[in-house]
Amino acid sequence: MSQTALSPITDRVDDPEAARTEGRRKLDWARAHMPILAALRESFEAEQPFEGLTIGMAMHVEAKTGVLAELLAEGGAEVAITGCNPLSTHDDVSVALDATDRVTSYARRGVDDEEYYDAIEAVIAHGPALTVDDGGDLVFRIHERHPELIDGIVGGCEETTTGVHRLRAMDADGALEYPVFAVNDTPMKTLFDNVHGTGESALSAIAMTTNLSFSGKTVVVGGYGYCGRGVARKADGLGANVVVTEVDPRRALEAHMEGYDVAPMREAAADADVVVTTTGNRDVVTREDFEAMPDGVLLANAGHFDVEVNLEDLADLAVDRYAPRDGIETYELADGRRLNVLAEGRLVNLAAPVSLGHPVEVMDQSFGVQAVAVRELVEHRDDYDAGVHDVPDELDREVAETKLAAEGIEIDDLSEAQREYMDSWQHGT
């Protein structure tokens, strides 16, 4: 492996042995509740599909991600991993990963922008043949700074909505030079990770950070994609009054038909107790919205980057800033109103002090898709040209079937007559 200017996480913590022990406990707990990855581990260990290959990863380095990284290593890969968000790494898990055979971890929580990109550079220095990314930063860095590596890259997988949007834009411009699977767009990702995972984990993180209830409060959800639907559904189930803001008329109509109030952010902000953004876009909440908000509002982001709540606008309005609790920064305005930003405007379910990310069972499904998608790229590398590709449906179904089997759930099969009927245009009424 290449030597880099940034050393692995183990060399940068005060008590690596204690961190390693605690991180291993977290990894073992997650592993025990991830039956899809357990089933894949059995086949990967036997078949060694990644032998001789290096996989570079830039993801949220916590226990569930760690189980995926170890699975790929157990399948024969050399794995180099770092974070995709400065506040989402669990240092103890990162240290435990760094002690795993064939895994090197550079992820550390609380880094500045320079060290964040130094860690990505450290991963790239390993010369990955495959990339597994969450947000696209690893792919973009390779294209921008290391184009000489691209000919040696088999392909990649992208985990999240924002990353897929960015990669599709890159592809449309003819700038994406190796194949990448849009893992985010598979049914096993959107139906469960984005809806149930984001909904549960975002609200749990807000509740644990604030020690406040949702019952009876007005929760404004910025965006009604799959993540927004999940937040709205879970908040509604906790007794909140949910207001959805949207820019897409069809999604706005969907939210309305599902029983939620729909309004522009400017109007919704005036009655908000909690605002949760889920769009992946910038400037969802801006100066005019802050000026309309009541005292005590909670502002959280469950999208991706820290641009959804415009903190520059808010800082410009504030006459004082202070931290009433860990993970909360209060911006006090000239008229005495206090607007509370959680987790520095970063992903609240991963960046808040007590956040744990999505539930283990949910990430087992998403990371199962990641694992079979990486396997597909290796086994059928000649079938995919440069650009964004949908994950083959049979792979998504494989993961779903593995989960059902683990849960002891049986389903029906189509008969030959039913298959013929569905595939034919010749049957009349």
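Q: Which helix holds Glu70?
A: A word on the model first: it is predicted, local features need pLDDT of at least 70, side-chain atom pairs count only at pLDDT 80 or more, and totals for chains, interfaces and linings use all residues. Residues are numbered from 1 along each chain as its sequence is written, and side-chain values use heavy atoms, leaving out hydrogens and water. Helices (H or I, at least four residues) and strands (E, at least two) are DSSP runs, numbered from the N terminus. The run covering residues 63-74 contains Glu70, and that run is helix H3.

Q: Is Glu70 buried or exposed?
A: Buried means under 20% relative accessible area, exposed over 50% and partly exposed in between, with a 1.4 Å probe and protein chains only. The relative accessible area of Glu70 is 2%, so Glu70 is buried.

Q: Which residues are in contact with Glu70, leaving aside its neighbours within four places in sequence?
A: Contact means heavy atoms within 4.5 Å. With those sequence neighbours set aside, the partners of Glu70 are Arg24, Leu27, Arg31, Leu97 and Thr100.

Q: How many bridges join E1 to E4?
A: Let's look at E4 (residues 130-133) first: Leu130 and Val132 on one side, and Thr131 and Asp133 on the other, are all buried, covering both faces. Val132 is the bridge partner of Met57, while Leu130 stands opposite Gly155 in E5. E1 and E4 run parallel, and the bridges joining them number 4.

Q: How is H8 placed relative to H9?
A: The axes of H8 (residues 187-210) and H9 (residues 226-237) come within 7 Å and cross at roughly 50 degrees. Angles under 35 degrees count as roughly parallel, over 145 as roughly antiparallel, 65 to 115 as roughly perpendicular and the rest as oblique. H8 is therefore, relative to H9, oblique.

Note on methods: Axes fitted to C-alpha atoms, helices over the stretch in contact; angles between N-to-C directions. Pairing = 2+ DSSP bridges.
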